[in-house]
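Hi everyone, thanks for coming. I'd like to walk you through a structure that may be new to you, so please have a look at it on the screen first.

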Amino acid sequence: MERSEELQSGPTHPMISPHSARKATRVQQAPPPSGPPAWDGPPPPAEQAQRTPLERMKELPAKVSIRWRLTLTYGALVFAAAAVLLGSVYIIVGTALSSAWPDVDLGLPPAADQQFQIVWAKLQTQAVQDARNALFSNSLLALLGVGILALIIGYFVADRALRPVAQMTATARKLSESTLAHQRIDLHGPNDELKELADTFDAMLTRLNVAFDTQRRFVANASHELRTPLTINRTVLEIALSDPEASEDLKALGRTLLEVNARNEKLIEGLLLLARSERELAVRKPVDVREVAQTAVEQVTAFAEEHGVTVTAELVSAPTIGDPVLLERSVSNLLENAVKYNIPENGKVWIRTGMADGALVVQVANTGQHVPAYEVNSLFEPFRRLHADRVDSAKGSGLGLSIVRAVVQAHGGNVAAVPRDGGGLVVTIRLPRR
């Protein structure tokens with residue numbers, strides 16, 4: 001089995017169990033997982049084709065930030081205005097020099113005066129041309145200086161204009177369910193578009209805080225109001241069943257009611273756990289997923305033996321930060337599902353943990369019936385089961401994989417499942433290494 005630094009090398013395949021197709025009668029002899037953890041991310045980038053300079057230029061606007069776009073726009077506008085101004089000054093001054101040149105009469109004889117006027121006109125033309133050239137070159141230098149100054153000023157103007165947006169972004173990054181009660185942007189300034197946006201954002205945060213408070217109260221109240229009657233019912237039924245004078249019919253009815261009561265308790269527990277998992281993590285501490293998986297395996301071992309399922313564990317240390325209870329519940333749900341939805345005899349379940357490509361990986365695979373690829377994603381929805389929706393629910397409440405996905409997403413990871421060769425599923429959890 002291949003792991004980056006820790007998993008043993010083996011054949012590469014997108015599934016956890018790369019082996020040749022087998023007949024249905026031989027599914028129970030399927031070999032254990034041997035490939036690297038199934039990777040649900042995008043494929044590695046292929047070699048990009050060479051692009052023309054024109055195509056690269058067309059892609060530039062999408063790569064330039066709004067700050068630099070504002071800076072370049074401001075600089076271009078100032079540069080264009082300065083160019084128009086200097087061009088106008090060049091034309092006006094040039095015209096003034098040509099028209100303001102004085103006429104000279106030295107009282108010379110006509111022939112000499114004509115020769116003098118020709119020389120004087122040449123000097124006039126040369127002087128005006130020299131003045132215009134000097135004015136043009138100095139104007140270009142001035143325009144270059146104005147352009148550089150415009151870019152510098154434009155950058156600071158853009159920074160000043162985007163400062164409220166940066167403040168809103170920083171506030172949004174710091175926000176969490178626990179800080180919604182007191183964290184606000186509270187932007188001060190004129191009643192312009194940015195102030196209106198910040199006030200709208202603050203109002204939205206207030207509504208979100210009310211919604212989260214309502215959810216917390218509902219979960220707390222539901223936890224008490226729903227569990228208490230079921231606990232009382234279970235106690236009454238157990239007392240009735242312990243009565244030696246109770247008839248067999250009464251005991252049979254009591255055992256049936258106890259099973260229904262236990263299923264309702266499990267359903268309520270799953271709903272409350274799902275609601276808790278979809279909220280922000282209240283506990284964050286270092287945890288090794290190997291220890292979490294080991295605990296989950298120990299808890300499910302007896303259940304697996306009852307169903308004639310063999311659990312094989314290959315656990316390698318994989319540290320992360322999160323809620324150990326929720327992580328243990330998610331791994332236990334995967335193992336319980338793998339045991340429940342297995343083949344009738346000699347079923348197998350494999351679990352392994354480790355690091356792959358810089359990510360923490362937990363993978364659970366099992367033998368079982370064939371799962372169509374188009375049905376896999378729907379299994380993570382609440383109350384969904386293979387080929388059933390809220391029916392055939394004797395095996396569970398249909399919340400197991402929903403809780404797994406909610407817990408993994410709360411930890412900043414993702415979970416994906418693929419059909420396993422020969423039947424069953426391969427479920428892979430990826431969590432960030434912290």
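One word of caution before we go on: what you see is a predicted model.

Why begin with that residue? Most residues other than glycine have a negative phi. N346 is not a glycine, and yet it has a positive phi of about 55 degrees. D186 is another such case, with a positive phi of about 50 degrees although it is not a glycine either. To find D186, look in the loop between α3 (110-174) and α4 (193-241).

Now let's move to the core. The largest nonpolar core has 40 residues, and V331, L335, I351 and I429 are those with the most contacts inside it. Several elements give two or more residues to this core, including the helices α6 (289-306), α7 (324-340) and α9 (400-410), and strands such as β4 (347-356) and β9 (425-432). Take V331 as an example: leaving aside residues up to four places away in sequence, V331 touches V292, A293, A296, I351 and V362.

That brings me to a helix pair. Two packed helices are described by the angle between their axes and the distance between the axes. For α6 and α7, the angle is about 35 degrees and the axes are 9 Å apart. The crossing of α6 past α7 is right-handed. Among the residues making this contact are V292, A296 and F303 of α6, together with L327, V331 and L335 of α7. Sorted by class, the contact has 12 nonpolar, three polar and three charged residues.

H411 lies in the loop between α9 and β8. Is H411 buried or exposed? H411 is buried, because its relative accessible area is 3%, and the cut-off for buried is under 20%. The side chain of H411 reaches back to the backbone oxygen of V407, at 2.8 Å. Also just after α9, G412 takes a positive phi of about 80 degrees.

That's my tour, and I'm happy to go back to any part of it.

Key:
Residues are numbered from 1 along each chain as its sequence is written. This is a predicted model: local features need pLDDT of at least 70, side-chain atom pairs count only at pLDDT 80 or more; totals for chains, interfaces and linings use all residues. Side-chain values use heavy atoms; hydrogens and water are left out. A nonpolar core is a set of buried Ala, Val, Leu, Ile, Met, Phe, Trp, Tyr and Cys residues joined through side-chain atoms within 4.5 Å. Buried means under 20% relative accessible area, exposed over 50%, partly exposed in between (1.4 Å probe, protein chains only). Helices (H or I, at least four residues) and strands (E, at least two) are DSSP runs, numbered from the N terminus. Contact means heavy atoms within 4.5 Å. A polar contact is a pair of N or O atoms within 3.5 Å; within protein, one must be able to donate a hydrogen and the other to accept it, and residues adjacent in sequence count only if both atoms are side-chain atoms. Axes are lines fitted to C-alpha atoms, for helices over the stretch in contact, and angles run from 0 to 180 degrees between N-to-C directions. A crossing is left-handed if the near helix is turned anticlockwise from the far one by less than a right angle, and right-handed if clockwise. Ala, Val, Leu, Ile, Met, Phe, Trp, Tyr, Cys and Pro count as nonpolar, Asp, Glu, Lys and Arg as charged, and the others, Gly among them, as polar.
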